Amino acid sequence: MCRIGSIKSKVPIPPSMALHLMLPQQEGHDNSGFAMVMQDLYGVFSAYKDKPLLSLACTQRGADLVEEYMDSHNFTQVAEWLPVPDKKSGLDIKAMPYYIFRNYDYPEDAAQMTQKEREELLLDTRLALRKLLAENNAGYVYSFWPDVLTLKEIGDPRDIATYFRLWDDNGCLAAKSIVAQCRQNTNYDIVRYAAHPFFLEGYTLCANGENTFYTKNKEFQSHLHRGYIGFESDSQCFLNTLHYVHRELGWPLSYYKHVITPLPFEEIQKRPDKDVLLDIRESLANLEINGPNTVIAVLPDGQMMTCCDSKKLRPVVVGRTDDRVAISSEVCGLNEIMPDRDQTKDIYPNEREIVVIDNDLEVTRCEQ
């Protein structure tokens with residue numbers, strides 16, 4: 001069973017804190033990888049929060065292809081952070097030759113675009129780079145978005161952290177929001193794109209469990225939006241549905257739960273909003289999920305949320321201090337990074353709710 005975790009903080013925190021959250025849950029992962037999405041960045045990126053940040057791992061050929069593409073499409077590099085790896089012998093990591101985290105200025109004509117048009121430009125650019133790198137077997141691009149950094153790697157999480165010097169807490173990398181997972185797929189090939197968390201147009205998501213409705217989700221989603229590609233993991237469908245319900249349809253977050261785990265018909269009939277809920281079940285039945293799972297997600301406005309499957313077959317707990325809220329699939333993770341919290345205030349989300357943490361760290365339980 002996978003393990004997942006996230007931290008939302010009033011003050012910037014280093015990646016090592018996310019690792020300390022995850023590593024006590026050692027029995028839940030198999031040392032097949034570590035991945036994280038950091039949002040609301042500080043450290044070396046604090047002066048470039050409005051500039052799209054490209055996160056990729058590639059070969060030398062891939063780096064050249066990306067540079068050529070960005071130049072030809074009038075993106076101007078404004079900053080770059082290239083990690084200096086610790087290449088000590090014996091590390092369990094399948095490292096790529098290059099890791100690039102680079103801020104760009106938008107093309108000049110983007111000044112005339114709406115906010116949504118600029119966001120669509122960033123998505124189309126990432127998809128084009130992904131296709132270009134795949135065709136040349138030259139690397140992976142994970143995100144291209146302002147104030148977002150994505151790192152994915154295959155190997156032992158401790159050794160990955162050593163390689164990227166994430167234990168050093170030297171101030172280079174820091175963020176107020178980090179979502180992480182210390183495991184690759186168990187049902188599919190071990191590939192970097194399959195590693196959680198997944199990111200799409202401001203939405204970040206990771207999941208613990210499996211989705212036995214994966215095939216019907218995939219077949220339906222593949223025709224909904226050009227950004228729903230790859231499907232290297234059944235859990236990626238959770239992200240696509242969140243993006244579709246919240247961004248494309250513009251529905252409130254509460255409806256996400258009604259789409260993925262709809263109420264039984266007999267309960268819907270007793271609800272004052274039964275007509276809406278029946279319409280959802282009829283029109284989006286192929287986005288329903290099944291199987292044991294827990295979801296953690298971050299929305300474009302910075303809110304963090306978690307929810308469970310309709311039978312509560314996977315664990316999750318939310319804990320807090322005055323300046324930090326964390327979500328963990330095992331309470332031992334919270335005990336590691338928040339040993340002095342009031343444990344009587346921990347929240348164990350049930351199968352009928354979404355728990356939302358806003359940007360003031362207020363926690364709201366939204367019943368389905």
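A residue counts as lining a cavity when it has an atom within 4 Å of one of the cavity's grid points, and helices and strands are DSSP runs numbered from the N terminus. Keep in mind that the model is predicted.

**Exercise 1.** Find which element gives the most to the lining of the second largest cavity.

*Solution.* Start with the space itself, which is about 40 Å³. Next, list its lining: Leu122, Leu123, Arg126, Phe144, Trp145, Phe199, Leu200 and Glu201. The top contributor is α3, with three. By class, the lining holds six nonpolar and two charged residues, with no polar ones.

**Exercise 2.** Describe the largest cavity by volume and lining.

*Solution.* Its volume is about 200 Å³. Of its 17 lining residues, Arg126, Arg130, Phe198, Phe199 and Gln236 are closest to the centre. Elements that each supply at least two residues are α3 (115–135), β6, β7 (148–153), β9 (198–200) and α6 (236–248). The classes split into nine nonpolar, four polar and four charged.

**Exercise 3.** Now turn to the largest pocket and work out which strand gives the most to its lining.

*Solution.* The pocket has a volume of about 330 Å³. Its lining has 19 residues, with Gln39, Asp40, Pro300, Asp301 and Gly302 nearest the centre. At least two residues each come from β1 (4–13), β2 (34–43), β6 (139–146) and β8 (173–181). β1 leads with three. Seven lining residues are nonpolar, six polar and six charged.

Notes
Residues are numbered from 1 along each chain as its sequence is written. This is a predicted model: local features need pLDDT of at least 70, side-chain atom pairs count only at pLDDT 80 or more; totals for chains, interfaces and linings use all residues. Side-chain values use heavy atoms; hydrogens and water are left out. On a 1 Å grid over the protein atoms alone, a cavity is a set of points where a 1.4 Å probe fits but cannot get out, and a pocket is an open set with protein on both sides within 12 Å along at least five of seven lines; lining residues have an atom within 4 Å of a point. Grid points are joined across faces, edges and corners, and a volume is the space filled by probe spheres set on the points. Helices (H or I, at least four residues) and strands (E, at least two) are DSSP runs, numbered from the N terminus. Ala, Val, Leu, Ile, Met, Phe, Trp, Tyr, Cys and Pro count as nonpolar, Asp, Glu, Lys and Arg as charged, and the others, Gly among them, as polar.
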